[in-house]
Amino acid sequence: MADEKQLLNDLCSISGIAGREHQVIEKISQTVAPWTDETKLNTLGSLIAIKRGAGPEHPRLMISTHIDEVGFAVSSREGHGFVRIEPRGGIDPKVLPGQILHIIGQNETTPAVVCTIPPHLLLQEERKSILPYEKLLLDTGLDEDDFKKKINIGDPVVFEPYFKALGGKKIAGKSLDNRASALVSIKLLEALQRTKHGWDICCVFSTQEEVGAKGAETAAYEVQPSCAIAIDVTFGDQPEVQEPKAYPLGKAIPVGVGPNFSKPLQKLIFSAADEEGIKVTHEPMPYPAGTDASSIQTIKEGIPTALISIPLRFMHSPLEMVDENDIRSAVRLLQAVVKKLDHDHREGFSWL
Amino acid sequence: MKNLIQQLTEISSPSGREQNIRQAITDHIRPYVDQVQVDALGNIIAYKKGSGGKKLLLDAHMDEIGFMVSHIDDHGFIRVEPVGGHMPLRMPNQRIRFEHGAIGCFFYESEELSKHLADYQQVTFDRLFVDIGAGTKNEALSRVRIGESATFHPLFHDMGGKVMAKAMDDRIGCAIIIELLRQCSTPWYDLYLVFAVQEEVGLVGATTAAYGVHPDLAIALDVTSTGFRDLPKGLKRIPMKLGDGPAIKIQDRSMIADARLNQWIAQTAEEHHIPYQYEVLPFGGTDGGAIQTTKTGVITTTLSIPTRYIHSPCEMIDINDVHHTVQLLSHIVKKPFDS
Amino acid sequence: MVIRTLSNLPGVSGHEEPVREYLWEESRAFIDNHWIDSMGNLILLKKGTSCSKKVMMLAHMDEVGLMVRHIEKKGTIRFSTLGGIEPSVLAAKPVIIHGKENIPGVIGMKPIHLQAPEEIKSPLKKDSLYIDTGHASDEELKRLTQPGDPITFDTPFAPLGQLWKGKAFDDRAGCAILLETLKMNIQPAYDTFFVFCVQEEVGLRGSRIAAQRIEPDLAFVFEGTTACDIPLVDPHRWTTQLGQGPAFTIAHHGLVFQASILQSLSTLAQENQIPFQWKQKIAGGNDSTPISKAGVGCITGSISLPVRYIHSPASLMSPKDYEATLRLSELILRKQSNFFTHDGRLS
């Protein structure tokens, strides 16, 4: 797991807010190149990595993991080295005061601090309210000349990278949503080197999920798979979020059930897990869950779609947490699914 | 240019009822394009052949926000439903013009003197009515029908450098494309000029038009808001300003614009000394959002015309921004984009 | 009676199989081809005298309901709503959980005597409700049901005064109209696709892929829509009224309907003395929006049966509206060429 952790660390340390993911994509592209037959970029920047199956005719499984992260964009430059930002993706502004952010410029990265008012000077009403974006400024500490050279409107702004292995097989870091799942796809491609499989496996590392799953939507149109599995994070249990709204870390892989998901594919995943002794659990979702799975399902004439989740604590905050056991189990689960598709659905996946 | 803007903004064509504006635009563009088509939903899709063999889609929506007659009571008072994003608070005492010419004004229900102000502050379309001066239901029905469309009453005004009218959103985009066609000889790109329907109710027309064309590149033209740099104590989250040139969209609720395309457009502007600004908008969306996810995806951005008081009868633009946008586009269509 | 059977069948979004099976069995003798797609839409082709145009007639099979979220140790079931349901209509209603077998249950709540004064005054919250199946522990229950299983209201269809009472009129009424129309065995002018679609209530998702497959030139959506013609509400907020005939939508969320289709529909109704009404509010939306936006776009008409207390355990509709809508549906099929001009364009 040492190599895997290093890779995950690398993935999480790269900045890639929605629409500006090319550095993450480049890293993944280099990593998976030796294990794939073809890699290509979709118009919206998603990476499509294909590991071809044996034999002449291949049905195609698409596995989609988004690799964009939530962040901000510089919206205006104020004087004296101060910057205004607007969020890109759903972020709780409560995590921001005192937070260190990185402004990703054309040529270099500028760290900045989110301004706060010292407690001694806070007015009573300011103490009671959260800082709205109107009153949120970043302090770059730069003088006027440097500032104008280094900071441009539209520059991506991300949380300062952090990555650490904690006790109990937990990993804490920035943008584990959804680089932890991307690692699952990468490990799957690596593992497939050692096994023969009939299906084409298309791992899509998708862009712009946090602003409406646009990368997966356009990539699915290009790939046109027989069926698709999205991997994304779900709420991990923490003191204030418990079952049934959250899933314990490191215990079982949640598999989505509900209208967004194909019943036969869902069933196949559950029985594949059963046969290989991998613990899975139902994750009921009454509505399309706002993951890549939502947009893939209704492409063209429809694509049978499933969702596998990695429980994650503190979602969309600068520090998220996953359990490395879940990453491993998810890789094993996908291997089992690939095996079962070959065995039961050699000719292609039927939804009836 | 101002004449064109006046003519286009004075036409009443809310979402789904674009026949009048469609006729006017078609008349203007026909001499300058190779082909004009109208699709099932009523979009105009015009084609002008270029030399480079790649497709560039330029979109402006031709609908405007408006109203639909939903009910007429025994005393001839009319209830309307909003078509597109209206703020009910802005309606009382506004003039409204119906499809077949009737004119009326809005007022709101309020029964208790002590609540008169509170009723106003909490007004919704359920509590707004329109008075066309009819005394009975039959008299009202002789002038207005259930389902009939309506818009703000047009009052174009030329203020010199600035121009004020209803429906600048997005007739200004339509006017820019028309002017571009007048000025531009042979483009490098095969140009697909889309005048889209039903943007204000959910980017309807652009969705199907973009599907039919599936361009290599797309630029939507629309309006954007201005804030603290432009108005006394204006919105602090909005840095855009009238007169600073076209705004290159970075993001809004519908789209993260393509960064490579944006950079190329900014470079083009700089090469030709055309002023421009960037736009990061915390709300709203444009046809660009719908075009971007067409099929396997389209490299898309939006060029916005800074506009004050959007979605009111007093939408105000700076004529220099309009000229600069036409100028910028005339360079864009002549030069291949290389990502 | 078709509407009785369809109303009583369970079929929340994503679990439409019982409705689909019934519709398939009833219609298979009358069609030329059929498809069931990856989401479960049932698409039936009735060939026309000409295949130069494609017409689509669509109703959605799914209904709003609930979904098992969590089975608690003491045997109670926590649920999510599936489709737009106000928690206020849920308290103390009978339901059926469709697990390995059908499990009856009731939605429980705290008795009024034990509620704090502020609880009595405030609207019900979904999280305070649960289903009691009588099972005393989760042991037995976990063998019968699991998270994700669908739950429907237990409201048998029955006449009520001059009206009909039942669940799921939105949109089994539309399904019933289309099934009865299909069984008239009329050969239409153009190839006609009868689509019974899934997942309207969770985001208009089934109709989208059906329209993307068919790419029709003209589409008609048959719906159950809101009627609010009750004394509590001012007439301008009624939307539709029971007994006044099918309602044609002028505009709704995300779409304004073309003037031409409204003209053709109202002329057809008037010429044949079929009563109709205009849907008077923009509130809500239906499958017309994704259908219109699919592919290069198509012209769509929306024809709705007024339903009181829609999205609640017990809705009401009028047999008169049903009869009028059925006659209109038949005429739309018989006179398809009315909707096209002589040179084949949409009029």
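How many salt bridges are there between chain B and chain A? The count is two, where a salt bridge is a side-chain nitrogen of Lys or Arg within 4 Å of a carboxyl oxygen of Asp or Glu. Keep in mind that this is a predicted model, where local features need pLDDT of at least 70 and side-chain atom pairs count only at pLDDT 80 or more, while totals for chains, interfaces and linings use all residues. Residues are numbered from 1 along each chain as its sequence is written, chains are lettered from A and ligands numbered from 1 in the order in which they are written, and side-chain values use heavy atoms, with hydrogens and water left out.

**Chain B against chain A**

- Here 25 residues of chain B touch 28 residues of chain A, with contact meaning heavy atoms within 4.5 Å.
- About 2200 Å² gets buried between chain B and chain A, and carbon and sulfur atoms give 55% of that; buried area is the accessible area (1.4 Å probe) that two parts lose on being put together, summed over both.
- On the chain B side, R237(B), I256(B) and T296(B) lose the most area to chain A, together 29% of what that side buries.
- By class, the side of chain B that touches chain A has 12 nonpolar, eight polar and five charged residues. Ala, Val, Leu, Ile, Met, Phe, Trp, Tyr, Cys and Pro count as nonpolar, Asp, Glu, Lys and Arg as charged, and the others, Gly among them, as polar.

**Chain C against chain A**

- This contact takes 29 residues from chain C and 28 from chain A.
- The buried area is about 2300 Å², with 55% from carbon and sulfur atoms.
- S38(C), R69(C) and R205(C) supply 28% of the area that chain C buries against chain A, more than any other three residues.
- Three salt bridges turn up across the interface of chain C and chain A.
- R213(C) and E301(A) meet through their side chains in a salt bridge of 3.7 Å, N to O.
- The side of chain C that touches chain A has eight nonpolar, 13 polar and eight charged residues.
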